[in-house]
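Hi everyone, thanks for coming.

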Amino acid sequence: MAFDYSQYGGILVARQDKILTITLNAPETLNAFTGPMHTSMSRIWDDVNDDPDVHVVVLTGAGRAFSAGGNVIAMQKKIDDPGAWEAGMPEARRIVFRMLECDKPIIARVNGHAVGLGATIALLCDIVIAADHAKIGDPHVSAGLIGFARAKEYLFTGDLMTAAEAERIGLINHVVPADQLDEKVYGLARRLAGGAMRSIRWTKQAINIPLRQLAHSMMDLSLSLETQSNLSKDHQEAVWAFAQKRRPNFTGH
């Protein structure tokens, strides 16, 4: 059975030998998530998991960023129409669960900034390799991946973390100069693709058990709180400020 990845919008999919490269493809907006991209990322992992011709996945972004995360225009639409926000919640849940359930190794090729949902997607991968100019940051970054005090500081401030700092604290695996990124990523991908695939997949299944348990224990509350924040005055102010290229004036409401 041949798997058809052309059905997935907002992304590019290329196969070389046993390595499948998935590229978030909206470079003009730094790969901020579009509706089709969000849908594709929620559904493609079932095919990846079942495709016998895929041993390893490389996930990356087109152009100069991995992903800027949420699309500001879409954010305003979801403020104006809360039903549109709620419709995206099942997809958001599937993105997290399906990436953790997919037993093929997923390598994040972080070619530039990974922010917001982009950071979440990158850090859900099994191995993260970043170019040295990349930064990572987001209010969605899981506190379970680094020390809680350090995580809270970044979560509360929204500061971006340099790739070097992320490597130092063990949040990502490797940082390399941009011109060496492909060599590092695909060298490792080829090594894994030529490895004992059943053992690698079973190892991932076992290691991901606590991550899947954590995700299930937190997901519903997290999405509920995010839904409430979508309706807050501060969120509307943040969207307006971004569109007007000014600093937001938060009031705590």
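What percentage of the 253 residues in the protein is buried? Buried residues make up 45% of them, where buried means under 20% relative accessible area with a 1.4 Å probe and protein chains only.

A word on what you are looking at. This is a predicted model, in which local features need pLDDT of at least 70 and side-chain atom pairs count only at pLDDT 80 or more, while totals for chains, interfaces and linings use all residues. Residues are numbered from 1 along each chain as its sequence is written, and side-chain values use heavy atoms, leaving out hydrogens and water.

Let's start with the whole protein. Its secondary structure comes to 10 helices and 9 strands; these are DSSP runs, H or I of at least four residues for helices and E of at least two for strands, numbered from the N terminus. The radius of gyration, taken over C-alpha atoms, is 18 Å, close to the 18 Å from the globule rule for 253 residues, so the protein is as compact as a globular protein of that length. That rule is 2.2 Å times the number of residues to the power 0.38. The C-alpha trace spans about 55 × 40 × 35 Å along its principal axes.

Now, a pair of helices. The axes of helix 2 (residues 72-80) and helix 10 (residues 233-243) come within 10 Å and cross at roughly 145°. Axes here are lines fitted to C-alpha atoms over the stretch in contact, with angles from 0 to 180 degrees between N-to-C directions. Val-72, Met-75, Gln-76 and Ile-79 in helix 2 meet His-235, Gln-236, Val-239, Trp-240 and Phe-242 in helix 10, a contact being heavy atoms within 4.5 Å.

Next, Tyr-8, in the segment before strand 1 (11-16). Tyr-8 is buried, with a relative accessible area of 10%. Leaving aside residues up to four places away in sequence, Tyr-8 touches Ser-40, Arg-43, Ile-44 and Asp-47. Tyr-8 and Pro-36 are 28 residues apart in sequence, yet 7.5 Å apart in space, C-alpha to C-alpha.

Last, the cysteines. How many disulfides does the structure hold? The count is 0, a disulfide being a pair of cysteine sulfur atoms within 2.5 Å. Cys-102 is buried at 2% relative accessibility, and Cys-125 is buried at 7% relative accessible area.

Terms used
Buried < 20%, exposed > 50% of the residue type's maximum accessible area, 1.4 Å probe, protein only.
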